[in-house]
Every structure is written in structure tokens, then in C-alpha cells.
Amino acid sequence: MSEMHALCRAVSPAIADCELSFIGREPINVALAHRQHMEYVLCLGKLGAKVIELPAEPTLPDSVFVEDTVLLFDELAVLTRPGAESRRAEVDAIAPAVRAVRKQVERISAPGTIDGGDVLRIGRRVFVGLSQRSNQAAIDQLADILKPYAYTVTAVPMQDCLHLKSAVTALSDDTVLINPEWVDAAYFKEYRQIRVDEHEPHAANVVRIGSAILMPSAFPKTQARIASAGYAVTAVDVSELQKAEGAVTCCSVLFTGE
Ligand code: CIR
């Protein structure tokens, strides 16, 4: 179970019809979005992930953001029930690929709603944002599902951003990258904290693959902070995906496997 894998899905040709919550709508260059996504997938591969790329879903605008549809743990998978109604069909679309990599597959049910972007796992700790997308009912279901596996599930209030992982992600098991304007840093007091640069509020969303970090190229000041803390950082241009209120964690589901 030691190899890192990444489940991804190609950009939908309908991405311009994506959900938007905290940013305004701007034209998306779909061809450029495709090229940027291909570059992102190449980076995941170079950093050591084996990528499984699923085909584009022409009728599901946000389906490139696979992270929101499933939580993949070493022991099991949990299919989500996304907070946005328009995204619920994405879950059935990804379910066969999930069943191919995990024997035990659970599913969040109504009235629970949860997006994978709200779920930050660090070791055996699972932090879940109480956001516009994820509610206490889903967090309670998740805690029940995970109880046999000794994970600790903590609900985290947050504000002014889409998902918990817009505000905080892990750089390593002992360090988080955080925007304390959007989430109370006290919830992460057991970790060393690196703050995003104050001019780059969206910079906290980074992908961790082993000891490597992948982040958007739009945040050079925060990138320099991470590099000077000793991390190997790769930056990728995801400008068109950012216009759809996505970033880097949302475009993959990372998991260990054979
Ligand atoms: C949405 O609003 O659901 C999409 N337009 C963006 C989702 C980004 N997901 C993520 O960061 N986990």
C-alpha cells in the first residue's frame, strides 16, 4: 500500500457553467484550461504519483474537481454528497473508479452534505470545515464511518472562502500552511504554522506528495516562504481553473495503493 496514486478527470467542455460562490464570473478559456490541467497531471506524475485519468464529463461543469466527490482513506472510501445540487451526479460518475481501488465504499446520505475540499486529513486527524457546502449531519456520519479505524474527526468553523482547504492544508505531518483570516488558527495549534502572504489570501491550497509540494504559480510570495522553510516546491499555472473557484487540491484525489 505504499505507492501514491492520483485520480483525476479531464476538464469538462462545460466548465464555464461552473458553480461560483465567493468570486465573480470571468470568461474561462477552455482550451487553456485543458492545457493547464494536462500540465498539472504531468506535475503529479513527476512528483511520484501514478495518475489514473478519467474522461471528461460533457454535462457536468465542475467534474474536473474530483476531490469533492470522494474521501479516500487507506482503509476505505467515502463517497460524498456535495453541497451544490448541480454537483451530485459527479458522485455516481466517479463511483466505479473508486470501487476499483477500495473494497469498502461508504456513502454520505441526506440530510448530510459534504465536499471533499472541506476535509483535511493529517495523519489520524480529520478536520472538516463547516462551510456553505458541508454540514454537521455529514460530519456526524463521517465520524461514525471512521470510528472503527481510530481517526479523530473535528468540525472546524470557517468564513469567507469556499472550502476548509482554501484556508489551510498540510505541508507535512507537523506543519500547516494557513490563512488565519478564514479559519481560526487555534484549531491547528498542535502544528507548526506557516501563514500565507497577506497579499495572497488564496495561497493556502497546496498538494502534498510525499515530501514535495505542488501549488499554483499565482502566489510567488507564499511559494518563497514555503521554500525557505525547506520544502521542495513546484508551481503550476492553473489560472483558468482558479476562475472556476478551483485550485490544486481539488483536481485530484490522492491515495495509497499497490
Ligand atoms: C464549486 O464551486 O464547487 C467549483 N466551482 C469549485 C470546486 C473547487 N473544489 C475544491 O477546491 N475542492
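The buried residues of helix H2 are covered by elements that include S1, strand S2 (50-54), S3, S4 and S5. Here helices (H or I, at least four residues) and strands (E, at least two) are DSSP runs, numbered from the N terminus, and cover is counted by contact, meaning heavy atoms within 4.5 Å. This is a predicted model, in which local features need pLDDT of at least 70 and side-chain atom pairs count only at pLDDT 80 or more, while totals for chains, interfaces and linings use all residues. Residues are numbered from 1 along each chain as its sequence is written, and side-chain values use heavy atoms, with hydrogens and water left out.

**Helices H2 and H3**

- H2 spans residues 89-99, and its buried residues are Glu90, Val91, Ile94, Ala95, Ala97 and Val98. Buried means under 20% relative accessible area, exposed over 50%, and partly exposed in between (1.4 Å probe, protein chains only).
- In H3 (residues 136-146), the buried residues are Ala138, Ile139, Gln141, Leu142, Ile145 and Leu146. Seen down the axis of H3, these residues fall within an arc of 160°, so they line one face of the helix. The arc is that of the directions from the helix axis to the C-beta atoms.
- An α-helix has 3.6 residues a turn, so residues three or four places apart point the same way.

**Nonpolar cores**

- The largest nonpolar core has 25 residues, of which Tyr40, Leu44 and Leu241 touch the most other members. A nonpolar core is a set of buried Ala, Val, Leu, Ile, Met, Phe, Trp, Tyr and Cys residues joined through side-chain atoms within 4.5 Å.
- Strand S1 (3-9), helix H1 (30-46) and strand S12 (207-209) are the elements that give two or more residues to this core. H1 gives the most, with 5 residues.
- Leu44 is in contact with Ala6, Cys8, Ala49, Val51, Val207, Ile209, Leu214 and Ser252, leaving aside its neighbours within four places in sequence.
- A second, separate core holds 17 residues, among them Leu120, Cys161, Leu164 and Trp182.
- In soluble globular proteins, nonpolar side chains tend to be buried together.

**Ligand surroundings**

- The ligand is surrounded by 14 residues, and the closest are Glu19, Asp62, Glu67, Arg133 and Ala244.
- A backbone N or O atom of Glu19 lies 2.7 Å from a nitrogen atom of the ligand. For Ala244, a polar backbone atom is 2.7 Å from a ligand nitrogen atom.
- Asp62 places a polar side-chain atom 2.8 Å from a nitrogen atom of the ligand.
- The ligand taken alone exposes 350 Å², and the protein buries 97% of that. Accessible areas come from the Shrake-Rupley method with a 1.4 Å probe; for residues, only the protein chains shown count as cover.

- His37 is found in helix H1 and counts as buried, at 2% relative accessibility. The side chain of His37 reaches the backbone oxygen of Arg9 at 3.3 Å. A polar contact is a pair of N or O atoms within 3.5 Å; within protein, one must be able to donate a hydrogen and the other to accept it, and residues adjacent in sequence count only if both atoms are side-chain atoms.
- Not counting residues up to four places away in sequence, His37 touches Cys8, Arg9, Ala10, Val11, Glu53, Val64 and Cys251.
- Met38 also lies in H1, but counts as exposed at 54% relative accessibility.
- Met4 is found in strand S1 and counts as partly exposed at 23% relative accessibility. Met4 touches Gly48, Ala49, Lys50, Ile209, Leu254 and Phe255, not counting residues up to four places away in sequence.
- Met4 and Gly210 are 206 residues apart in sequence and 8.2 Å apart in space, C-alpha to C-alpha.

**Backbone geometry in loops**

- A cis peptide bond joins Ala110 and Pro111, with omega about 5°. Pro111 lies in the loop between S5 and strand S6 (119-122).
- Ala150, in the loop between H3 and S8, has a positive phi near 60°. Ala150 counts as exposed at 55% relative accessibility.
- Asp160 has a positive phi near 70° and sits in the loop between S8 and helix H4 (164-167).

Conventions:
A residue is near a molecule or strand if one of its heavy atoms lies within 4 Å of it.
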